[in-house]
Structures are given as structure tokens and as C-alpha cells.
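Please keep the sequence and the coordinates at hand while reading.

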Amino acid sequence: MTTEGARTSSGDSNPLGRDAVVSAVLTHAADLFAERGPAATSIRDIAERAGVNHGLVFRHLGAKDKLVKAVLDHLSAETAEFADTGTLTPDDPRLRRHWTVLARCILDGYPVGQMQARFPVITALIDQARSHRADDREAALSVANAAAFVLGWQLFEPFLRNAAGLDDLPNAELRQAVSGEAVRILCGDKQPSPADRNR
């Protein structure tokens with residue numbers, strides 16, 4: 001049970017009520033999964049960080065597999081919301097956290113593609129890619145390839161910079177090169193107009 005005025009390990013007040021508890025648990029679970037992966041994170045770790053009794057995590061979200069699924073859906077919805085408002089950029093820390101959680105879940109053996117209920121960002125990208133591709137399969141493949149490319153850079157940039165001798169390349173120049181290549185992968189020979197790129 002939580003008490004008003006108590007503090008979580010992050011300094012926030014303990015959440016009260018089901019919605020506040022679930023929100024805190026999902027947020028702190030996502031942070032811990034990004035830091036160390038779900039396999040190395042216990043329900044007790046999450047409860048302590050969120051400032052709730054670990055029994056409430058089980059009551060509201062279920063066992064570990066259900067919690068991982070809930071975190072994936074939470075991050076997907078959060079990313080889609082930020083993307084819809086136009087405030088999400090490829091180097092946004094919120095997006096990086098989402099991708100890091102995806103990677104850690106996959107590395108820990110979770111079937112992410114089967115666990116996550118919706119893929120709103122990928123779906124929106126496929127819808128956009130249809131105008132640049134011959135059919136739905138080509139659109140889906142171009143989005144999957146572009147996502148793999150961008151995810152690779154997001155997750156392995158320090159290694160890739162060093163291995164390829166790109167340590168001296170300015171961040172802005174690298175971001176522009178990665179974005180340009182992602183657009184090329186998405187669109188092929190049919191490059192979008194500048195107006196389409198800014199949507």
C-alpha cells in the first residue's frame with residue numbers, strides 16, 4: 001500500500017489510485033527495461049522505482065510477460081502520440097528509449113512482434129510508402145528496411161562511428177546522412193517533395 005507524501009526512488013510522490021499506479025509502473029518499467037533489459041529487472045525493482053507495493057504491479061498488470069507486453073504497448077502508443085503532434089525526431093530520447101526497450105526485449109528472448117498489439121508508427125509509414133512503391137509488399141519491405149537501418153544507427157552509433165572511422169563526422173552531418181539514406185530506402189527512385197518530407 002502507498003501513503004500520501006512518501007517518495008519514490010526517483011523523488012516523485014507515490015502514486016495513488018489504479019490509473020496513477022499503472023502509469024508509474026509502465027513509465028518506470030520502461031526506464032528499467034531500457035537500462036538493463038526485462039530479464040535483469042524484477043517486479044520488485046519496478047515497484048520500488050515506481051513507489052508502489054509489488055502486489056499492486058501483479059494486481060493491475062499481471063506477471064512479467066503481461067507487464068512486458070503492457071510496456072511495449074505503452075511505448076508504442078506514446079511514440080505514436082508524439083509522432084502525431086510532430087514533436088518526435090529520429091534523435092528524440094523518447095524514441096531512443098522505445099527502441100532500446102524493443103532491442104533489449106528481443107535480446108532477452110521476448111517475441112516482441114507477437115506481444116505488441118499495435119504498430120501505429122510502422123503502419124503510418126507503410127501508408128505513406130504506398131505512394132512510392134508498386135504494391136503493399138514493396139511498401140512494407142521498404143519501411144521494414146528503413147526502420148532496421150535507422151534502428152541500427154540509433155543503437156550502435158558509437159560502435160559504427162569507430163569501426164567505420166567516422167568519429168570526426170559532426171552529429172548534424174551524420175543525422176542528415178542517415179535521414180537521407182532512410183528516405184532513399186523508403187522511397188526508392190520516387191523521392192518525396194520537400195513538403196512531403198516535412199509532414
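Over the ring of which residue does the charged end of Arg 94 sit? In this predicted model, the ring is that of Phe 82, and the charged end of Arg 94 lies 3.7 Å from the centre of that ring. Pairs between aromatic rings, by contrast, number zero in the structure.

**Overall make-up**

The secondary structure of the protein chain consists of ten helices and zero strands, and the order of elements, read from the N terminus, is accordingly α-α-α-α-α-α-α-α-α-α. Of the 199 residues in the protein chain, 40% are buried. When contacts between residues at least 6 apart in sequence are considered, 58% of them join residues at least 24 apart.

| Helix pair | Angle between axes | Distance between axes |
|---|---|---|
| H1 (residues 18-36) and H3 (residues 54-61) | about 100 degrees | 10 Å |
| H1 and H4 (residues 64-85) | about 95 degrees | 9 Å |

With an angle of about 100 degrees to H3, and because 65 to 115 degrees counts as roughly perpendicular, H1 is placed roughly perpendicular to H3. On the side of H1, the contact with H3 is made by Arg 18, Val 21, Val 22, Val 25 and Leu 26, while H3 contributes Leu 56, Val 57, His 60 and Leu 61. Sorted by class, the residues of this contact of H1 with H3 comprise seven nonpolar, one polar and one charged.

For the pair of H1 and H4, the angle is about 95 degrees, and therefore H1 is also described as roughly perpendicular to H4. Here Val 25, Leu 26, Thr 27, Ala 29, Ala 30 and Phe 33 in H1 meet Leu 67, Val 68, Ala 70, Val 71, His 74 and Leu 75 in H4. The contact of H1 with H4 has ten nonpolar and two polar residues, and no charged ones. Val 25 and Leu 26 of H1 take part in the contact with H3 and also in the contact with H4.

**Leu 141 in helix H8**

Leu 141 is located in helix H8, which spans residues 136-163. Is Leu 141 buried or partly exposed? Its relative accessibility is 47%, so Leu 141 counts as partly exposed. Leu 141 and Leu 186 are separated by 45 residues in sequence, and their C-alpha atoms lie 8.6 Å apart in space.

Definitions and conventions
Residues are numbered from 1 along each chain as its sequence is written. This is a predicted model: local features need pLDDT of at least 70, side-chain atom pairs count only at pLDDT 80 or more; totals for chains, interfaces and linings use all residues. Side-chain values use heavy atoms; hydrogens and water are left out. Axes are lines fitted to C-alpha atoms, for helices over the stretch in contact, and angles run from 0 to 180 degrees between N-to-C directions. Helices (H or I, at least four residues) and strands (E, at least two) are DSSP runs, numbered from the N terminus. Angles under 35 degrees count as roughly parallel, over 145 as roughly antiparallel, 65 to 115 as roughly perpendicular and the rest as oblique. Contact means heavy atoms within 4.5 Å. Ala, Val, Leu, Ile, Met, Phe, Trp, Tyr, Cys and Pro count as nonpolar, Asp, Glu, Lys and Arg as charged, and the others, Gly among them, as polar. Rings of Phe, Tyr and Trp (its six-membered ring) pair if their centres lie within 6.5 Å; planes under 30 degrees apart count as stacked, over 60 as edge-to-face and the rest as tilted. A charge sits over a ring if NZ of Lys or CZ of Arg is within 6 Å of the ring centre and within 35 degrees of the ring normal. Buried means under 20% relative accessible area, exposed over 50%, partly exposed in between (1.4 Å probe, protein chains only).
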